[in-house]
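Please have a look at the model first, and then I will go through it.

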Amino acid sequence: DALVLKPVAIAYREVTPAPVRTGVSNFFANLSDVWSFVNNVLQLRGEAAASSFMRVNVNTFLGLGGVLDIASEMGIDRYRQDFGLTLGRWGMGTGAYVVLPILGPSTVRDTFALPVDARGNVVRHVDPVSSRNALYALRLVEVRSNLLRAGTVLDSAALDKYSFQRDAFLQKRRNEIHDGYPPQDEERYDLEEEGGAAPAPAGSDAAPQ
């Protein structure tokens, strides 16, 4: 990251005009809405599934393949979902917090879901392979450039970067599963008990509906 990804991301942000960067972000967000639609259906979230379906159609056909986010301008909300959230929604606990090489923060549950999410990635089905790899590379640079500001905040605000990143990631995933209203009595395996005791065992963070 220090030698390749970050310098390339900085160059991309400095050289590429803001409207072009926005178009690239919109394009990949539109592709991700396809997989979000599938996961919203699996979670039996009718309104969210309908919104995802509408977003994909509106942005694909009216937004130049997703480069323009027409759906947001029309007030159609985005409901980002992945298979890890679907598993959590239906009762699978998070498991231990892990940091994956290159991919970064995750949990045992989300790691287990990665192969399924990879299958659901629309870019995976692009031919020829050269075009597919070019899209992967562009997506990687785009994601890293969007994290530049967050990295600056992390460097300046956190004394313990690992704990700061871990707690922020776990809180975000918990809120996503529970639509922003996680149960207050949920057990937290990532926090140590008073007196230096070992972390509490993992509890389920699901809220099947």
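By a salt bridge I mean a side-chain nitrogen of Lys or Arg within 4 Å of a carboxyl oxygen of Asp or Glu. What you see is a predicted model, in which local features need pLDDT of at least 70 and side-chain atom pairs count only at pLDDT 80 or more, while totals for chains, interfaces and linings use all residues. Residues are numbered from 1 along each chain as its sequence is written, and side-chain values use heavy atoms, with hydrogens and water left out.

The structure holds 12 salt bridges, and I will start with aspartate 167, which pairs with arginine 166 at 3.0 Å between the closest N and O atoms. Aspartate 167 is partly exposed because its relative accessibility is 25%, whereas arginine 166, at 17%, is buried; here buried means under 20% relative accessible area, exposed over 50%, and partly exposed in between, with a 1.4 Å probe and protein chains only. Elsewhere, salt bridges that share partners join Asp82, Arg109, Asp110, Lys172, Arg173 and Glu176 into one network.

Which parts of the chain does the pair of aspartate 33 and arginine 55 link? Their side chains meet at 3.2 Å, N to O, and the pair links distant parts of the chain, with aspartate 33 in helix α2 (residues 18-42) and arginine 55 in helix α3 (residues 46-62), 22 residues apart; helices here are DSSP runs of H or I, at least four residues, numbered from the N terminus. Both aspartate 33 and arginine 55 are buried.

Key
Helix = DSSP H or I, 4+ residues; strand = E, 2+ residues; numbered from the N terminus.
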